[in-house]
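Here is a short briefing to read with the structure open beside you.

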Amino acid sequence: MEARAKKIVEACTEEKSKNPIEIFKNIAKSDFVRIHGPEHHVLDGAALLTAFYNAGGEIDLQNSLQELMKRGLQMPGATCGMWGVCGAVSSMGAALSIIDGTGPLSSDSSWGKHMEFTSKALCSLSRVGGPRCCKRDAFLSFQKAIEHINENYDVELESGSIECDFSEKNEQCIKEGCPFYKKTKKKVAFICVHNSCRSQIAEALGKHLASDVFESYSAGTETKPQINQDAVRIMKELYGIDMEQTQFSKLITDIPHPDVAISMGCNVGCPFIGRAFDDNWGLEDPTGKSDEEFKRIIREIENRILQLRRELM
């Protein structure tokens, strides 16, 4: 454990960010930091001290990190479950104590302010609940620590949205129950026989209108040398989208395996894709028809894309 702690302290001295969460995530990806473990009792407070120093905080970083490591190594593991006090919160409380030189007999306001921080952080953890996750608990604690430092010190720590990169390694991850869980976008494939008109329009509108919710692909069981030129022209007119810049006719084997497969509608018969379709939009093929008919089909595809976006959110 001491060897891990020393590597954490050494890594902190290489970090230049004013965002303690960024520092934490960079170091937590190292092989000397496990997904869970008491090394977080050193890492969490050390990341906070490093960001504080990088933001202009007046501390001796080397001495501060050494003191934090000493205190962190004294904290036993599993305090969250066994004592009701998370080590992430204690580590950051120790960092604040080092910044202010606070001790058990301190009579200034720092003693009480540190208690105020730890109580807010623990309350934040309690709202999410268990089982413990050393990454989630650190993120929640950092949020409160950043607020506390920016309100009480003459420095400005950086923050931002947090997405967890460690979920797959955590067997007890609570996934959607965690405020930092990175949701994977579903892959939606729009399928027709030649992948030259309706499915290409759906792919383009999916990317244009719903890329925040799902990834859009299109394919067919056969291909054409080019996308339907009327579709290309009218999509440019209506949306300013040039489908020929980023799209081309593809086979089903050319795209990733979809989570959702949608048939655009086939008059003769839908293509076989090796699995059942999740939906059949039953759209007429506007190829060879008037611009008005093209626009009607395009508007219908737009409405269905927006409906699918709402369903998958």
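The notes below go through the surface patch and then the salt bridges.

Please keep in mind that this is a predicted model. Its salt bridges come to a count of 22, and a few of them are picked out here along with one nonpolar patch on the surface, formed by Met-82, Trp-83 and Val-85.

**The nonpolar patch**

- If you want to find Trp-83, look in the loop that runs between helix 5 (79-82) and helix 6 (87-100).
- Trp-83 counts as exposed because its relative accessibility is 62%, and exposed means over 50%.

- Glu-67 and Arg-71 pair through their side chains in a salt bridge, with 2.8 Å from N to O.
- Both residues of this pair, Glu-67 and Arg-71, belong to helix 4 (residues 61-74), where they sit 4 residues apart, or about one turn of the helix.
- Glu-67 has a relative accessibility of 28%, so Glu-67 counts as partly exposed.
- Arg-71 also counts as partly exposed, at 25% relative accessibility.

- Arg-233 and Asp-291 form a salt bridge in which the closest N and O atoms are 3.0 Å apart.
- Arg-233 is in helix 10 (residues 229-239) and Asp-291 is in helix 12 (residues 291-312), so this pair ties together parts that lie 58 residues apart in sequence.
- Arg-233 is partly exposed, with 37% relative accessibility.
- Asp-291 is partly exposed as well, its relative accessible area being 28%.

- Arg-296 and Glu-300 meet through their side chains in a salt bridge of 3.7 Å, N to O.
- Helix 12 holds both Glu-300 and Arg-296, and they are 4 residues apart there, about one turn of the helix.
- Glu-300 has a relative accessible area of 26%, which makes Glu-300 partly exposed.
- Arg-296 is likewise partly exposed, with a relative accessible area of 39%.
- Arg-296 and Glu-300 also belong to one network, in which salt bridges with shared partners join them to Glu-284, Lys-289, Glu-293 and Arg-304.

Note on methods. Residues are numbered from 1 along each chain as its sequence is written. This is a predicted model: local features need pLDDT of at least 70, side-chain atom pairs count only at pLDDT 80 or more; totals for chains, interfaces and linings use all residues. Side-chain values use heavy atoms; hydrogens and water are left out. Patches are made of residues with over 30% relative accessible area and no salt bridge: like charges are joined within 9 Å, nonpolar side chains (Val, Leu, Ile, Met, Phe, Trp, Tyr) within 5 Å. Accessible areas come from the Shrake-Rupley method with a 1.4 Å probe; for residues, only the protein chains shown count as cover. A salt bridge is a side-chain nitrogen of Lys or Arg within 4 Å of a carboxyl oxygen of Asp or Glu. Helices (H or I, at least four residues) and strands (E, at least two) are DSSP runs, numbered from the N terminus. Buried means under 20% relative accessible area, exposed over 50%, partly exposed in between (1.4 Å probe, protein chains only).
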